[in-house]
Every structure is written in structure tokens, then in C-alpha cells.
Amino acid sequence: MIFGRSERGKPPVEPVTLKILVAGGFGVGKTTLVGAVSEIRPLRTEELLTEAGRPVDDTSGVEAKHTTTVAMDFGRITLREDLVLYLFGTPGQERFWFMWDELSEGALGAVVLADTRRLEDCFAGIDYFERRSIPFLVGVNCFEGAARYPAEAVRQALDLDDDVPVLLCDARDRESVKEVLIGLVRHAMEYAADRRQAVVG
């Protein structure tokens, strides 16, 4: 399809669009993940960190970080001609959590990005999606120089249910991010099927 017109007389395909959230703590790699996989130039709402924000923006473990997302990141990836994912990166700081309710409306699911150096920073995202029955998986962003742990050890540390996927990834790598997104879509489909079965059964 080119500019909304079908090729060779085929009727245009109206794609199914799915909304996916990317959540996690401050400096965990949400903006990087969205940018690594987006086929469009991602919309970013980053601002420079300032002295005024130092008391509320804990840069421990991410001292090289000089910017922060103040609204959201947005990207798009076409998986097939008839399937498009819209990615919304949520802001990581607590003062912006009010935006999560708006962003999560109609979402298929969420990737909660985790950094093993600051694992506690992803608890808020996990709690948020669990309480709202939004399917999610945990993507462990494997930073250079950070200790590597098996997925099962991260699951235990986060006290996750057995059905919540935990995937190791590199938020800078397109193929790694695609695997995480495919994993989330599969998990969300299984989650929906299990809920339908529970209602019928």
C-alpha cells in the first residue's frame, strides 16, 4: 500500500492497531526502547535535568543521564500489512504517574522495563498493571557493567506470578526489542483467552 492507495487493484487494507505501554523507573531505557524499534521518528518529550529537579530525580545508578521524559514517548511499528503497534513510553517519575491512567486506556498490554541495579524502581509499574488486570511482561534491560541474572531469579526477586513472562533484552537493539514486543502480544492473547475461558467455564 502506498499513500493509502492499494497496489495493483487490491483493496486497501485497514490495519488493526494495538496500543502497548512501555513503563518502568527513571532512567531504565524506555525512550531508548521506543526509539530502537519505531519505524517513524519517535515523538519524544524530553527535557534537560536541572538542579531544581535533583531532589526528586534520583540519578543513582544512571549518573550519565542528562534528560528526562516529561510527558511520553511515542513510536510505531508495522508487524504486518494488517497489524500496527503503537508504542507509548510512560514517564518514570512519580510526579508524572497521573498520566498513566490516560495512556493505559485501551492498551493491549505493557512492557515493564527493569534494571537489575535498581530493581525496586519497577515495582510501581508492576503494581499498577496487576491492579488494573492489564497483561504485562517484565523486560530486563541488560545494561553494560550491570550484573546479569537469570530470568527466574528476577521473577523471584519481583515476586511475579508464574504466568508473567520475564525476558532479558537490550533496549538499544531493534531485534531484541521486537522479541519483547512479540512476547507481550502472545502473552496478552493467552491472557485474554484464559479470561474468556474462566467466564465461560
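Me: How many helices and strands are there in the protein chain?
Reply: There are 5 helices and 8 strands. From the N terminus, the order is β-α-β-β-β-β-α-β-α-β-α-β-α. This is a predicted model, where local features need pLDDT of at least 70, side-chain atom pairs count only at pLDDT 80 or more, and totals for chains, interfaces and linings use all residues. Residues are numbered from 1 along each chain as its sequence is written, and side-chain values use heavy atoms, with hydrogens and water left out.

Me: Why is Cys169 called buried?
Reply: Buried means under 20% relative accessible area, exposed over 50%, partly exposed in between (1.4 Å probe, protein chains only). Cys169 has 3%, so Cys169 is buried.

Me: What makes Cys142 count as buried?
Reply: Its relative accessibility is 15%, so Cys142 counts as buried.

Me: How many disulfides does a search of the whole structure find?
Reply: The search finds 0. A disulfide needs a pair of cysteine sulfur atoms within 2.5 Å. For Cys142, the nearest cysteine sulfur is that of Cys169, 6.4 Å away, and Cys142 is in no disulfide.

Me: Of the residues in the protein chain, what percentage is buried?
Reply: Buried residues make up 43% of the 201 residues.

Technical notes:
Helices (H or I, at least four residues) and strands (E, at least two) are DSSP runs, numbered from the N terminus.
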